[in-house]
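This briefing goes through one chain by topic. Please keep the sequence and the structure in view while reading.

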Amino acid sequence: MLHNVSSVVAFGGIVAISGVFKSPLWYVIDMLIGAGIIVLILAFTKPNLEEI
């Protein structure tokens, strides 16, 4: 909503980019930012195998 992205599909991800008709570049950028946040969360919360 912040970047005014509009899509006609009810799901997300890379396959949904074909349904984005307003601001597709921001859609991709926001998707990459979200993936980066998930990577950071997993890096800090996932236990090491040596500790188990």
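Helices (H or I, at least four residues) and strands (E, at least two) are DSSP runs, numbered from the N terminus. On that basis, Asn4 belongs to the segment before E1. The model is a predicted one. The chain holds one helix and two strands, and their order from the N terminus is β-β-α.

**Confidence**

- The mean pLDDT of the chain is 85, and 96% of the residues reach at least 70.
- Among the elements, H1 has the highest mean pLDDT, at 92.
- Strand E1 (residues 6-7) has the lowest mean of the elements, at 84.
- Where pLDDT is low, the predicted coordinates should not be read in detail.

**Overall shape and surface**

- The radius of gyration of the chain is 15 Å, whereas a compact globule of 52 residues would have one near 10 Å.
- Along the principal axes, the C-alpha trace covers about 50 × 20 × 15 Å.
- Of the 52 residues in the chain, 10% are buried.
- Among contacts with a separation of 6 or more, 3% join residues 24 or more positions apart.
- The chain has an accessible surface of about 4500 Å², and carbon and sulfur atoms contribute 73% of that surface.

- Helix H1 covers residues 24-45, and Ile29 is one of its residues.
- A nonpolar patch on the surface is formed by Leu25, Trp26, Ile29, Ile33, Ile37 and Ile41. Together these residues have about 560 Å² of accessible area.
- Leu25, also in helix H1, is a member of this patch. Leu25 is classed as exposed because its relative accessibility is 60%, and the cut-off for exposed is over 50%.
- Ile29, another member of the patch, has a relative accessibility of 30% and therefore counts as partly exposed. The partly exposed class lies between the buried limit, under 20%, and the exposed limit, over 50%.
- Val39 is likewise placed in helix H1. With a relative accessibility of 55%, Val39 counts as exposed.

- Most residues other than glycine have a negative phi, and most peptide bonds are trans.
- Asn4 is not a glycine, yet its phi is positive, at about 60°. The relative accessible area of Asn4 is 42%, so this residue is partly exposed.
- Ser23 is not a glycine either, and its phi is positive at about 65°. Ser23 sits in the loop between strand E2 (20-22) and H1. Its relative accessible area is 24%, so Ser23 is partly exposed.

**Loop between E1 and E2**

- Gly13 lies in the loop that connects E1 and E2.
- Gly13 is partly exposed because its relative accessible area is 29%.
- Which residues does Gly13 contact, leaving aside its neighbours within four places in sequence? The contacts are with Tyr27 and Met31.

**Separations in sequence and space**

- Leu25 and Asn4 are 21 residues apart along the chain, with 11 Å between their C-alpha atoms.
- Val39 and Val20 are 19 residues apart along the chain, and their C-alpha atoms are separated by 25 Å.
- Gly13 and Glu50 are 37 residues apart in sequence. From C-alpha to C-alpha, the distance between Gly13 and Glu50 is 33 Å.

Notes: Residues are numbered from 1 along each chain as its sequence is written. This is a predicted model: local features need pLDDT of at least 70, side-chain atom pairs count only at pLDDT 80 or more; totals for chains, interfaces and linings use all residues. Side-chain values use heavy atoms; hydrogens and water are left out. Patches are made of residues with over 30% relative accessible area and no salt bridge: like charges are joined within 9 Å, nonpolar side chains (Val, Leu, Ile, Met, Phe, Trp, Tyr) within 5 Å. Accessible areas come from the Shrake-Rupley method with a 1.4 Å probe; for residues, only the protein chains shown count as cover. A salt bridge is a side-chain nitrogen of Lys or Arg within 4 Å of a carboxyl oxygen of Asp or Glu. Buried means under 20% relative accessible area, exposed over 50%, partly exposed in between (1.4 Å probe, protein chains only). pLDDT is the predictor's confidence in each residue, from 0 to 100. Contact means heavy atoms within 4.5 Å. The radius of gyration is taken over C-alpha atoms; the globule rule is 2.2 Å times the number of residues to the power 0.38.
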